[in-house]
Amino acid sequence: MLVFRKILLFNILLISFLTAAQNHLTASQLKTKISNNSKLYKNNIDKAYKELNGLLKQSIILKDSISEMKILDRKCRYFYSKNMMDSLIITSENLRKKSSLYKDIYFEAMSNIYIAEIYSINKFPDKAISYLNSAYQILQKDESNSKKIFYAKSNVLNSFANVYLDKNQPKEALKKIYEEIESGKMLKDKNEQDNFQYLNYANLANIYIQINSDSAYHYAKKSILIKPSDVIDDKSMIDNYSVIGKVYKDKKDYKNSIKNFHKALFISNKNGTELNNNQIYHSLKDIYDILNNKDSADFYSNKIEQYELKSLKSKYNSLQEVISKDKKEQENAQNPIWYWIIPAISAIVCGAFLTFKKKKSKVEPEIKPEIDRRETYHHLMELLEKKDPAFLFTFEKVYPEFSNQLLSKNPDLQQSEIEFCALLKMKLSTKDIARISFIETRTVQNKKYRIRKKLDIPQNVDIYQWIDQI
């Protein structure tokens with residue numbers, strides 16, 4: 001028995017050694033993995049993000065400062081795309097410190113841009129502009145005229161436009177984007193120039209929607225037309241379809257408006273970008289209110305509530321981080337860069353968060369990836385029985401690809417129809433759906449018929465089995 005234990009111990013140590021050896025990458029392997037992660041990020045930012053902490057750890061072990069800053073920068077982009085201001089504050093400040101330590105002009109400028117965006121989103125545009133000016137001055141130190149620095153300067157101009165939009169000065173924002181378009185003439189490769197201007201035309205469309213819908217429609221269409229075929233649909237394409245949806249909404253062409261808003265949400269669901277989703281939810285709610293479609297209007301009302309609660313939670317949490325950070329900096333007798341912002345944000349964010357918290361006493365529960373399916377089912381049923389708007393939010397956490405796969409079958413599906421399919425996925429009977437939804441059983445049957453028709457489900461196939469495969 002003692003010999004066996006020694007052998008067992010030896011095997012455990014050997015496996016641990018081999019595992020540790022596998023976990024430590026070479027510099028070349030790390031660069032390859034970061035490159036692959038960059039490609040994955042374009043397709044699905046959530047999947048790419050899951051790899052970042054491991055890659056960051058490896059870059060620190062290898063003392064690869066460039067890789068470390070690349071990963072921190074990518075994390076900043078992720079948090080910005082997700083509107084996670086609490087995480088963005090910490091990571092952008094970390095990037096600023098690292099880039100200053102490693103004397104990297106590009107990443108130091110980018111960290112200032114992210115910090116500027118945080119100030120702007122929190123309604124401190126003048127402070128944001130001061131950080132953007134700092135970012136531009138940092139970039140001016142570089143004399144290489146590299147494309148990397150060129151794109152960083154473009155990011156500064158783009159952020160200036162965002163700040164002016166936050167200040168409700170769309171004409172000033174337009175000037176910055178036109179300046180960016182003019183700078184793009186230095187790009188010699190046509191595909192690269194088309195990709196650059198595709199982004200700029202989408203930004204123009206997003207600004208013009210506030211002052212001239214015809215121009216907004218023109219630039220959104222131009223952006224779609226010029227986008228290179230090898231470029232994956234991203235935030236700019238979400239903006240394009242959202243702008244076109246707003247134009248049709250203003251013209252009371254609700255069918256085309258809904259169609260384009262759904263295209264925008266389809267891309268958002270596919271790649272994980274959520275930054276401007278709340279605007280789309282508000283537009284769709286307005287349309288469904290006008291069309292007297294209560295189910296869909298209620299669905300988007302719940303989406304708005306979830307999004308705004310999540311946003312307020314993020315700001316509230318970021319405030320706690322800011323206060324904690326400020327205390328530490330005061331203890332170290334350093335000049336706290338966030339100190340002046342605390343009283344103002346405290347009054348605004350805490351007040352808003354507490355008000356929202358009273359309105360919605362229960363925060364949407366986080367579903368753990370490895371949670372028991374039976375337990376999950378009972379939890380979802382509880383949310384349904386209580387008419388809790390967190391149901392679909394939680395359902396999508398458990399079945400993250402469900403909506404995407406349904407929309408791939410028919411992109412014109414309404415969100416209320418996707419929610420109905422979720423009830424079928426849970427194998428609720430016609431009577432149960434009628435009871436929970438407060439509708440007649442005949443109405444449920446009619447909905448099943450419409451879903452079957454829209455998804456082209458054969459009559460000889462059980463709708464529950466078909467949905468269960470999604």
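User: What makes Phe299 and Tyr300 buried?

Analyst: Both residues are buried, a label for under 20% relative accessible area, with exposed meaning over 50% and partly exposed in between (1.4 Å probe, protein chains only). Keep in mind that this is a predicted model, where local features need pLDDT of at least 70, side-chain atom pairs count only at pLDDT 80 or more, and totals for chains, interfaces and linings use all residues. Residues are numbered from 1 along each chain as its sequence is written, and side-chain values use heavy atoms, with hydrogens and water left out.

User: Why is the pair of Tyr151 and Phe196 edge-to-face?

Analyst: The ring centres are 6.0 Å apart and the planes sit at 65°, so edge-to-face it is. Tyr151 is in helix H8 (residues 147-166) and Phe196 in helix H10 (residues 190-208), so the pair ties together parts 45 residues apart in sequence. Helices here are DSSP runs (H or I, at least four residues), numbered from the N terminus.

User: And what makes Phe299 and Tyr300 edge-to-face?

Analyst: Their centres are 5.1 Å apart with planes at 90°, so that pair is edge-to-face. Ring pairs also link Phe299 and Tyr300 into a cluster with Tyr281, Tyr288 and Tyr307.

How values were computed: Phe/Tyr/Trp six-rings, centres within 6.5 Å; stacked < 30°, edge-to-face > 60°. Helix = DSSP H or I, 4+ residues; strand = E, 2+ residues; numbered from the N terminus.
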